[in-house]
Amino acid sequence: MDGFLNALVVFANFVFLPGLAYGAQLALGALGVTLVYGILRFSNFAHGDLMAFGTMITILVTWWLMGMGINFGPLPTALLALPIGIFGAVAMALFIDRFVFRFYRKQRSDGIVFVMASVGVMFVLNGIVRLIIGPNEQRFADGERFLITVKEFRDLTGLAEGLAVRLPVAITIVVAIMVVAALFWFLQRSKTGKAMRAYSDNEDLALLSGINPDRVVMVTWIIAASLATIAGVLYGLDKSFRPFTYFQLLLPIFASAIVGGIGQPLGAIAGGFVVAFSEVTLTYAYKRVLEYLGFAPDGLVQLLSTEYKFAISFVILVLVLLIRPTGIFKGRVL
Amino acid sequence: MSFLIGETMRGGYGGADILNGCTIAVDKGEIAVIVGPNGAGKSTAMKAIFGMLPLREGRVTLAGQDITALSPQDRVKAGMGFVPQTSNVFVSMSVQENLEMGAYIRHDDFSDTMEQVFDLFPILKEKRRQPAGELSGGQRQQVAVGRALMTRPSLLMLDEPTAGVSPIVMDELFDRIIEVAATGIAILMVEQNARQALNIADRGYVLVQGSNRFTDTGEALLANPEVRATFLGG
Amino acid sequence: EDVKIGIILGFTGPLESITPGMAASAELAMKEINDSGLLLDGKKLVSVRADSTCIDNAAATAAAERLVTTENVSAIVGADCSGVTIGIVNNVAVPNGVVMISPSATSPALSDIADNDYFFRTSPSDARQGKVISDVLGSKDVKTVAVSYTNNDYGKAFSDSFVSAFEAAGGKVTIAAPHDDGKGDYSAEVGALAAAGGEALVVLGYVDQGGVGIIRAAVDTGAFETFVLGDGMYGQSLIAAMGDGVEGSYGVIPGTEGEGATKFAEAATAAGLDPSSSYTGESYDAAALIALAMQKAGSTDRTAIRDAMLDVANGPGEKILAGDLARGLQILKDGGDVDYVGATNVELIGPGEAAGTYREYVIEGGEFKTVQFR
Amino acid sequence: MSNTQRIIFLYAGMALLLAIVGVMQSWTLSLTIMNLCLISAIMSLGVNMQWGYAGLFNVGIMGFAALGGIAAVLTSMPPVPGAWQAGGTGIGLTLLALIGTIAAVIFVRSRTRGVMRTVSTLLVAVAGYFITRTFFDPAVEAIEAVDAARTGYLGGLGLPILFSWLVGGIFAAAAAWLVAKIALGLRSDYLAIATLGISEIIIAIMRNEEWLTRGVKNVSGLPRPVAYEVQLQQAQWFIDLSAKLGTNPIFFSAIYVRLSYAILFALVLIILMWLAERALNSPWGRMMRAIRDNRDAAEAMGKDVTGRHLQIFVLGSAVIGIAGAMLTTLDGQFTPGQYNPLRFTFLIWVMVIVGGSGNNWGAVLGGFLIWFVWVEAEPVGAWLMALLTSGMAATNPVKLHLADAAPYMRPLLMGLILLLMLRFAPRGLIPERGAPSIQKR
Amino acid sequence: MDLTDFLGSGSGFSLENAEKWRENARWDAFPYCFKLEDSASSHDNNNEPKRLKGTRMIRVDDLHMHFGGLKAVDGASIEIAKGSITGLIGPNGAGKTTLFNVIAGHYKPSSGKVWLGDENITGLSPHQLFHKGLLRTFQIAHEFSTLTVRENLMMVPDNQPGERLVDVWIRPSKVRDREEEVRAKADEVIEFLEISHVADELAGNLSGGQKKLLELGRTMMVDAKIVFLDEVGAGVNRTLLNTLGDAILRLNRERGYTFCMIEHDMDFIGRLCDPVIVMAEGKVLAKGTANEVKANEQVIEAYLGRGLKNKPARKARGGTQ
Ligand SMILES: Nc1ncnc2c1ncn2[C@@H]1O[C@H](COP(=O)(O)OP(=O)(O)OP(=O)(O)O)[C@@H](O)[C@H]1O
Ligand SMILES: Nc1ncnc2c1ncn2[C@@H]1O[C@H](COP(=O)(O)OP(=O)(O)OP(=O)(O)O)[C@@H](O)[C@H]1O
Ligand SMILES: CC(C)C[C@H](N)C(=O)O
Ligand SMILES: [Mg+2]
Ligand SMILES: [Mg+2]
């Protein structure tokens, strides 16, 4: 019995919980991407850097708060600073929209032109963030890091293996669930949400229904920038903040959004977990788990070596798409 | 002076003018029908009246007020409703949501209007939850008209509302349009089912190359042999 | 008047967080020389920075081309990553006959590159360090380890040399798995490493890149308690980031018996730099060597610099430590001979690369404590 | 301004830019940039075929470029005899086993039906996998052990490297064919993520299958199709020539080599451009655009949409592969780690869109211009930063911070320029002939 | 070659002749090609056109097409005789377009089979069917929006050498020659459809009705065995529609083309179609001549209706100005 429990704990500690954490982090990022895609109809390549921008502001405010001696008890101080970070990111997003994307909307440009403009924005934000905070890793986490550590768990249960639960991860998962529920409700039920979907569906007709396009766009950016900042800060708390890493997150985030069905909030969540779990489960070496279960494998029992992890998550994506060509939750086909 | 007047409108899409000084007017409680060959500029005239096409010359007045400079969404607020000829439903939204979007600017309870629309087009009630994009061509057309009715406009503009609908629905639609007009709403529509449309029209316009060729009562136009032969298919 | 020295490092791209420190260290050496006023009758060194991007060969070549043909630099400090370094050596430095000293390109491939003797490096080839780490483990009686290395030519070669040395010494490597830098999540890697197990985890990566990510994930999940660190992992930021998590871990870094390194650390700290950041000492030494070679040659001619390089880098001659450049210049000016030791105990062997002495350290009480030199 | 005038005007502008670099910076630099412009232009042309003609959203450019790169290694590097001795037989057996497995699979599939068919296929495949592995693993180990620090791979065929440009095209085309078979049924962004995924897989293989590619250890010292500067500098005829021209041999050798490359690259570009223009302005091009506009209708009008997509995807990828091989040739080394999406996929996309998708002249111009900006943004950014801070005192902390941050002006400037160009030519600098004023999302 | 040669032999036309003609037909034998002048004669005195009643052309066997739970086509079986103009009518949502889509290969049916002559064509792709002579138009116009009107037409003919890259590159003259022929033919169609003034306009910029005309025009560019027309008339001016009707009739009578058309305009149907099939709720409700169908109580109930309720009241008000 102990063997089984130990196997379970090992699996949870190295596969399930990390997958859950990473998945939730990707999902939060993917939500923002999918929203912009769903309403404004383009893939926003600047999302990773918008995340970095919002996080940067949060970090600066956090440092200031810490300097003032303010903290948030066991919770990270950054959560106190988060609203200001969100505010900064929203302001930035609206500014960008005003001076970049609005023009193409008026021109009724092709979707790909928006994408390229967002690449331009990505570069600019990239530069701005580095100009202000530099390219280095920044630490801003304080408060408790663990809900329970490996050692505590072992002492508590008397098992040979331990299980660690990190506070930021727990927060991320809770937030992800809350956000997706709220977003879902907002888009499906609220009048503004419906107006946003209507706008995304057919701009002209939305106009004919008296929907104010500027407002729709504004609300979209407010939500997207907030999501980006929340995702960025939670990610930074759990892992670390480095502009380059945030830029690199873009790919898995996009993969998540698309495999889930682009434009679908639920899909973004599902996609995040698919990507995360396919990375972790397929490259995990099951040797220890099997040992606890009473097998004694010779090798590592690793399906694929970790250097293929990125590739393998894409293999899964391609497979999912071959079975469901518009993603798990039937995203848009353009 | 009529409720709505589009006066000597000129304009186009950048190249040569499509509208060459045509004038369209309709009064409250009246039905005005525009007919004409394909590409005559009928839809363009509708768009111009609705503010979706900048006019180079001429003006649009509604209830005596010059609205030439208003944006389309402001015109909606001013009481104009429009059903375009193509892509006139939100394909990814359910039928019900399409109707709700029609009522977007209304802040009162619009459930009774929705019931009325469902009475008019029973099939829509049945397909309430289906995305409009999965409807048949004629069903879509019904959604589009229903959407415009939800606004409770004082002027309703319809661009070929009966294209592709079955005769029974077309009759119902015309019936309904007559009723709507009877409540004091001005109705301006473009029709290729011209004989049926002129039959119920108070005014008819025959538009050719962006200018008025004939303007008369519906009856008179129907009776005009030249109009019949050239534009109504004999 | 001014003598231009190019500094080509990856200021943007995956190494962007360590390159500013490297460039600043090189410039620290130049400043020291300029302050002395002794170089070639009062010539001043001016640094011209260029971006190697670390990964984009084409952009790096163009940037180097600009340094050499537009800025007319007399010599180049750089590049950082082995890949672009090779590209620049082949396509720019050698064709144009410009000396290039890399502080950090550690790929063994650079040892026998056809460089017309224009290429030098102040860091040792990776082939050697693996052996050193294996020795350290041997002395601690560690028999099984897991290895995580950064997936580039540096990490790969490093890991290869370590694994073969360790296994030859009777140890067992349970798994040697690469990790990619700049990625966000390393749970998969750590999961596999933990399953394979071992007494310690050998991390051959970069301290502000994937390497620290691996350690963080390993500490979080309790997968390993002791980490053995390659040169790229040395840095104050590691302790700042991981705190107790790396207590008791140990590793090696190119470095010398005391003085030179200490002197450099002092100077760097005074200038507001972090001396423990990766490859700062090597960068300082690269710049210093160029200046000394100029002084020796008595000219800023590119080829003359090349010809004087080994003379000043190696014995015989007066030992010159970091922070002591003025003295070196003076000796050379007076026609004497110097043996530059610098911050990292420079000794250019064979094809012009560092022989490599390593300092073994252990992390205790949140500090790097030197154990011995190897 | 007519389109032709516009083309002439913009190309002249581009030439002027390069000339300015030549005068203000140096001619060697100008030529270096131009060589990469030429390669970028070819890549951009390839992407334009896929997107501009047919609306295929390929985000796997880097994979095809990398295939071109590996072609350069496999064609031109000398074989490593030791490795062949150590593992050649093993690899040979592996290949045989692989072919055997495939044959066996085909055989059982032809002999069985229904569930049995699935089961037996699976069984044979698994057995085949293990048999293959028993040959493969030791062979790989043996090969990689042969002087790991310097070789550790099989090497190439030792053919002239020019030949590899063709091979690169073929490699990329073959891969594209496979990709297309798998993924072309997907639409727009879904196709994009699939191609991205597949290219990541290609790169992962190149980085990790050391026996074949040397992996992250890189292959350097690829032979050149043109002379080496060092040799030129020592050749008497060359010294004489440069004396006659009144230049110094070192400078002249650099120019000479770069010009030789430029001529080779330009030749390839001209040939491809001719073929592409011919194709685009023919009924074939019309058909492709029709397919792009409306797949269903094109299919109903008897066009084999899948077939055409396959064709253009393969052709476009082949062009990218050729460019990839050319790039590796120019670099003189193969570095699998350098293939990252930003540089090898998105940047190329920027070239196509800024230049004008659907228009070959536009795409090529985009390749030139964007590469130029990519490289020149750095010095210009640093210069701007210096200008910006010139008013401040030398010890001003803001100035010090900004001076350190000068390298980050590069992305900033790059982004700004990109945004400005898109702003003033939202449909590309040289838009598609008769490009629509209507949207075509 | 003068195409009126073919048309001149109208009186002695027979099905065999039509077949033979088809075999010998050059690609460029413009099917709808007759001058507008002589088109007028065809319908005035020909109320009941002489039909070519041949064998079966298309057979649809117990066809089902389900979208999730919705049964768009629910066991329809129809036959289309060679040489007929079959009308397909029915209430909105009856499944007519879906049936077309299945026949034309855009959807794979949930069950059931489709035969073209004796060949089972179920599941073939649209382009394969095109090459078998089966053409269709779309109810919601599917123009190629970035191609000009002329290009929209010119892209249709198959086997153009210019559509093969090798020929494009090495045999430009062959390509050019064929282009000229195709262009000439496209111009004829354009003229016939009265859209010459927009011939070089991008199709995306056309008016709604012009797009429908273009949709029809594409089917005129090649020889077809059978053409499926999905509401070509909707949104087309009635006068022009009559001309189109003439064209369809003549083509059918003189060339033996088979048509199947969905239409809601009963006058138009009545003038052209025999037989008329009525669909409702995915099934065949009735079949017969136009007059029979019009008199069918069920059809009136489900589809035709009984005219305007409000009309009299309205009439009374009419004439106010
Ligand atoms: N792609 C689809 N997904 C789901 N339902 C569909 C789809 N296409 C059609 N339907 C449904 O199938 C039914 C039949 O549609 P169809 O378009 O065949 O009708 P139709 O007879 O052509 O009508 P109309 O005369 O209005 O064009 C309709 O109820 C429609 O909502
Ligand atoms: N977006 C556009 N850009 C350029 N030209 C256009 C555009 N829309 C319409 N046109 C042109 O304007 C003319 C009039 O078009 P409009 O849509 O007003 O015709 P219509 O009278 O409504 O015809 P129909 O009965 O066929 O709908 C046509 O020749 C058409 O080609
Ligand atoms: C700067 C260092 C991280 C570079 C590394 N040593 C290499 O050779 O690539
Ligand atoms: Mg119209
Ligand atoms: Mg239909």
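Which atom of C:Ser104 lies 2.8 Å from a nitrogen atom of ligand 3? Before I answer, a word on the model: it is predicted, so local features need pLDDT of at least 70 and side-chain atom pairs count only at pLDDT 80 or more, while totals for chains, interfaces and linings use all residues. Residues are numbered from 1 along each chain as its sequence is written, chains are lettered from A and ligands numbered from 1 in the order in which they are written, and side-chain values use heavy atoms, without hydrogens or water.

The answer is a backbone N or O atom of C:Ser104.

Turning to chain E, the magnesium ion, ligand 5, is coordinated by OG1 of E:Thr97 and OE1 of E:Gln139, at 1.8 to 2.1 Å; donors here are N, O and S atoms within 2.8 Å of the metal (3.2 Å for Na, K and Ca), and since water is not among the atoms, the site may look incomplete. Because E:Thr97 lies in helix H4 (residues 96-103) and E:Gln139 in the loop between strand E6 (134-136) and helix H6 (149-154), the pair ties together parts that are 42 residues apart in sequence; helices are DSSP runs (H or I) of at least four residues, and strands (E) of at least two. E:Gln139 is buried, at 15% relative accessibility, whereas E:Thr97 is partly exposed at 23%, where buried means under 20%, exposed over 50% and partly exposed in between, with a 1.4 Å probe and protein chains only.

Note on methods: A polar contact is a pair of N or O atoms within 3.5 Å; within protein, one must be able to donate a hydrogen and the other to accept it, and residues adjacent in sequence count only if both atoms are side-chain atoms.
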